[in-house]
Amino acid sequence: LADGICSVSYITRIENGDRCPTSVILRQLTTKLGVTSEYLFRAIESPTSLHIKELLDQIFLCIERRDYRGIYTLIEEEEKELCINSIHDMQIIKTFKCLSTTILNKNYECGMDQVKNILALTYTKGSTPTDIEFILMFIYGSFLLLNNQKEEAYNHLINIKKYMDTIKFLHTRVIFPAFYMFLISACLDTSNLNESFEYLDYAIDYCKTNNTYNYLRELYFLKSELYYRLKKEAEFKIWYNKALTLNELIKKSDDEYFNTFINNRLKKLKTS
């Protein structure tokens, strides 16, 4: 363990509680042990804390798959037995329980009220949000759009976009393309077409660079929708077919999200 990092005697002093490792050495030790610093701290804190970390990992895996029923089931099964000391952990669990419940029940007004209450646990107005505070702000904007409050959703999402460059850590990379998917949808719904081009190109490049292909399907469809609105039929067909082809390549047997997404978008196009 000490090889290439520090002396054996230094490790002994850490183990005996006589020395506190520097952040650099701690990072090197946890890398060699094959764990993260957070995992190590939770293991030291309590077995319960480590269990919560495992639950959070499962929740974020479901987020990547957009398995909202899976999130709800996970939290319902575990919540009563959990002893959560960290307000950050509690906020994450409350956030995704609210998200899953709202998406499944489609009660967006209630969801927005819950999001405000969860955000108020830690957020000071005007400050730079933490990762979970930003996710809560983003969820609020997505609920506005799903509730057909187009202008409010556009203004809210544009207003919080400035935080994208300041968020240093996110539990999952899909948060960025998910945010842009809703922002671009809001731009299209409010006829801000020039902005849509800029955000689409950025988000598509991000998905390709970071292997977040689930959201690439929706982004391809939104690009086809943009061309449809611009009355460019050839380009519309190209990007629409790209979206359908990618969906066939990556969809799972229980994955209905993409079909629901494009059907809702097509209904909006027909009524606009």
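Reader: In which sense, left-handed or right-handed, does α8 pass α10?

Author: α8 passes α10 in a left-handed crossing. A crossing is left-handed if the near helix is turned anticlockwise from the far one by less than a right angle, and right-handed if clockwise. Before we go on, this is a predicted model, where local features need pLDDT of at least 70, side-chain atom pairs count only at pLDDT 80 or more, and totals for chains, interfaces and linings use all residues. Residues are numbered from 1 along each chain as its sequence is written, and side-chain values use heavy atoms, with hydrogens and water left out.

Reader: How many helices and strands does the chain have?

Author: The chain has 14 helices and 0 strands. Helices (H or I, at least four residues) and strands (E, at least two) are DSSP runs, numbered from the N terminus.

Reader: What makes α8 and α10 a pair in contact, and which residues are involved?

Author: Contact means heavy atoms within 4.5 Å. On the α8 side the contact is made by F134, I135, F138, S142, L145 and L146, and on the α10 side by I175, A178, F179, F182, S185, A186 and D189. These residues divide into 10 nonpolar, 2 polar and 1 charged. In this count Ala, Val, Leu, Ile, Met, Phe, Trp, Tyr, Cys and Pro are nonpolar, Asp, Glu, Lys and Arg are charged, and the others, Gly among them, are polar.

Reader: Why are α11 and α12 called roughly antiparallel?

Author: Helix α11 (residues 193-210) and helix α12 (residues 214-229) pack at an angle of about 155 degrees, with their axes 10 Å apart. Axes are lines fitted to C-alpha atoms, for helices over the stretch in contact, and angles run from 0 to 180 degrees between N-to-C directions. Angles under 35 degrees count as roughly parallel, over 145 as roughly antiparallel, 65 to 115 as roughly perpendicular and the rest as oblique. The pair α11 and α12 is therefore roughly antiparallel. Their crossing is left-handed, and their contact has 13 nonpolar, 1 polar and 4 charged residues.

Reader: And what makes α10 and α14 roughly parallel?

Author: The axes of helix α10 (residues 175-189) and helix α14 (residues 257-271) cross at roughly 15 degrees and come within 12 Å. α10 and α14 are therefore roughly parallel to each other. Their crossing is right-handed. M181, F182, S185, L188 and D189 of α10 meet Y257, F261, R265 and K268 of α14.

Reader: What is the volume of the largest pocket, and what makes it a pocket?

Author: The volume is about 1,100 Å³. On a 1 Å grid over the protein atoms alone, a pocket is an open set of points where a 1.4 Å probe fits, with protein on both sides within 12 Å along at least five of seven lines; lining residues have an atom within 4 Å of a point. Of the 39 residues that line the largest pocket, Y68, I103, L146, Y257 and T260 are the closest to its centre. α14 gives the largest share of the lining, 7 residues. By class, this lining has 19 nonpolar, 7 polar and 13 charged residues.

Reader: Which residues are closest to the centre of the second largest pocket?

Author: They are L119, Y123, K125, M137 and H156, out of the 13 residues that line the second largest pocket. About 300 Å³ of space lies in this pocket. Here a volume is the space filled by probe spheres set on the grid points, which are joined across faces, edges and corners. α7 (108-119), α8 and α9 (150-160) each supply at least two lining residues.
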